Amino acid sequence: MAQGSTKPRILLIAAGGTISMVRDLATGASVPILSATALLSQTSLAAQIEARPIDLLMQPGPGGHSSNLLTLARCIQRETDSGVDGVVVTHGTDTMEEAAFFVDEVAPVTVPIVFTGAMRPSWAAGYDGVKNLENALRVVAAVPAEYGTLVTMNDEIFEAWSVFKADTGALDAFAARRGAPSGRIFGDQIELTWRPMPRQRPGKLPSTLPMDIPILLLGVADEAALLDQVTDRPIRGVVIASIAAGTVPPTARQRLFRLAEHGVIVVLCAGAASGRTAEDYYYPGAYNDLIAAGVVIEDHLTPRKARIRLLISLGLQIPYVPFGGEFVIPWLH
Ligand code: ASP
């Protein structure tokens, strides 16, 4: 908190998305134009914080490209270096889980950072943007930075690594990879049932991000035929969303072996929405032979999050280290 002031200094970044959308009466289209100041003025907390509003990327989230991730993270870094107590980002919900995780991975953990958005545009009945923003302001003012970057939607609080959009339209569209949200908001009360989990983050911002890293989702008897084209047009990495906890059909597996032999970084994730990969699948066709061939098994992250982590590691020219080894408590012998 600023010396001599009792109000928390909050950097409020408006980065487009449905939360900022109003209806263009001429065309009927939704356009993301509500600024950080306009959004804040609708909440009941405007007078209780010292806001530094910034309008950064006023567009729908899916139009975002790699430079948007870098622009957002650079802005947060620059502004936090010059002194704020917390950062709130309003963002499109389609790509929020990726942007929040990107920021979580690259930003030094010095102040709390909270993302939020809306499932209904401002002109629709049930616009949830004001409530979500109020919640985000409460969370950022109350929760320590050690929790890492958080997302709040629909009165729930999620860690950036765990949150994902599980429904295209519901107000409670967001869910946690680890099974439950980290906390909830009841009016002006915040309940955080999980303690912060210390973990390793790259903590550095790459200057560029490679964008030619595809995600391939496998299905039953899928031969992953597209992967042959990768040998014609080399890429540096690929993320595989396996079946359930790590299963890869036989022909696809041969192709993955070939890629790994050619030095392509292959990161294999569970394809199921939650849970982790299963190291104890020892039958032929499970993934132990892939590990031996150099495929990286990502136990915790969704394929999209694993891709973000891979983009960062390629950008920083460091090896991809599977996420969350720190979370696992080893068996005591
Ligand atoms: N449907 C999206 C949203 O909720 C659009 C976007 O992600 O920008 O904001």
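Strand S1 (residues 9-15) is mostly covered, with six of its seven residues buried, where a residue is called buried if 20 or more other C-beta atoms lie within 10 Å of its own, exposed if 12 or fewer do, and partly exposed in between, the C-beta atoms being placed from the backbone. Strands (E, at least two residues) and helices (H or I, at least four) are DSSP runs numbered from the N terminus. The structure is a predicted model, in which local features need pLDDT of at least 70 and side-chain atom pairs count only at pLDDT 80 or more, whereas totals for chains, interfaces and linings use all residues. Residues are numbered from 1 along each chain as its sequence is written.

Strand S1 is joined to S4 by six bridges, the two strands running parallel, and strands are taken to pair if DSSP finds at least two bridges between them. Within this pairing, Ile10 has Ala51 of S4 as its bridge partner. Six bridges also join S1 to S5, again in the parallel sense, and here Ala14 stands opposite Thr90 of S5. These strands belong to an open sheet of eight strands with the order S4-S1-S5-S6-S7-S8-S11-S12 and mixed pairing. Its edge strands, each of which pairs on one side only, are S4 (50-55) and S12 (189-192). Neighbouring strands of this sheet are turned against each other by 25° on average, direction ignored; for such angles, axes are lines fitted to C-alpha atoms, for helices over the stretch in contact, and values run from 0 to 180 degrees between N-to-C directions. Towards S12, strand S11 (residues 183-186) pairs with it in the antiparallel sense over four bridges, and Arg184 has Glu191 of S12 as its bridge partner.

Helix H3 lies across S5, S6 and S7 and runs at about 170° to S6. The helix is mostly covered, 11 of its 11 residues being buried; among them are Phe101, Phe102 and Val103, as well as the charged residues Glu97, Glu98, Asp104 and Glu105. The buried residues of H3 pack against helix H2 (66-81), strands S5 (86-91), S6 (113-116), S7 (150-153) and S9 (163-165), and helix H8, a contact between two residues requiring that their C-beta atoms, placed from the backbone, lie within 7 Å.

The largest nonpolar core has 88 residues, and Val87, Val103, Val151 and Val266 are those with the most contacts inside it; such a core is a set of buried Ala, Val, Leu, Ile, Met, Phe, Trp, Tyr and Cys residues joined through C-beta atoms within 7 Å. Helix H3 (residues 96-106) gives the most to this core, with seven residues. Because domain 1 (9-192) and domain 2 (215-327) both give residues to the core, it lies between them. Leaving aside its neighbours within four places in sequence, Val266 is in contact with Val238, Ile240, Leu256, Leu259, Ala260, Val295 and Val296.

The bounds of the two domains, 9-192 for domain 1 and 215-327 for domain 2, come from an automatic or database domain assignment. Their centres, taken over C-alpha atoms, are separated by 30 Å, and the contact between them takes 11 residues from each of domain 1 and domain 2. On the side of domain 1 that touches domain 2, H3 supplies the largest share, six residues. By class, this side of domain 1 has six nonpolar, one polar and four charged residues, with Ala, Val, Leu, Ile, Met, Phe, Trp, Tyr, Cys and Pro counted as nonpolar, Asp, Glu, Lys and Arg as charged, and the others, Gly among them, as polar.

A further open sheet, of four strands in the order S13-S14-S15-S16, shows parallel pairing, and its edge strands, each pairing on one side only, are S13 (215-217) and S16 (296-298). Strand S13 is joined by three bridges to strand S14 (residues 237-241), in parallel, and the bridge partner of Leu217 in S14 is Ala241. Helix H8 (residues 303-316) packs on this sheet, touching S13, S14, S15 (265-269) and S16, and its direction makes about 165° with that of S14.

Ala221 lies in the loop between S13 and helix H5 (227-232) and is exposed, with 9 other C-beta atoms within 10 Å. Ala244 is found in the loop between S14 and helix H6 (250-261) and is likewise exposed, with 12 other C-beta atoms within 10 Å.
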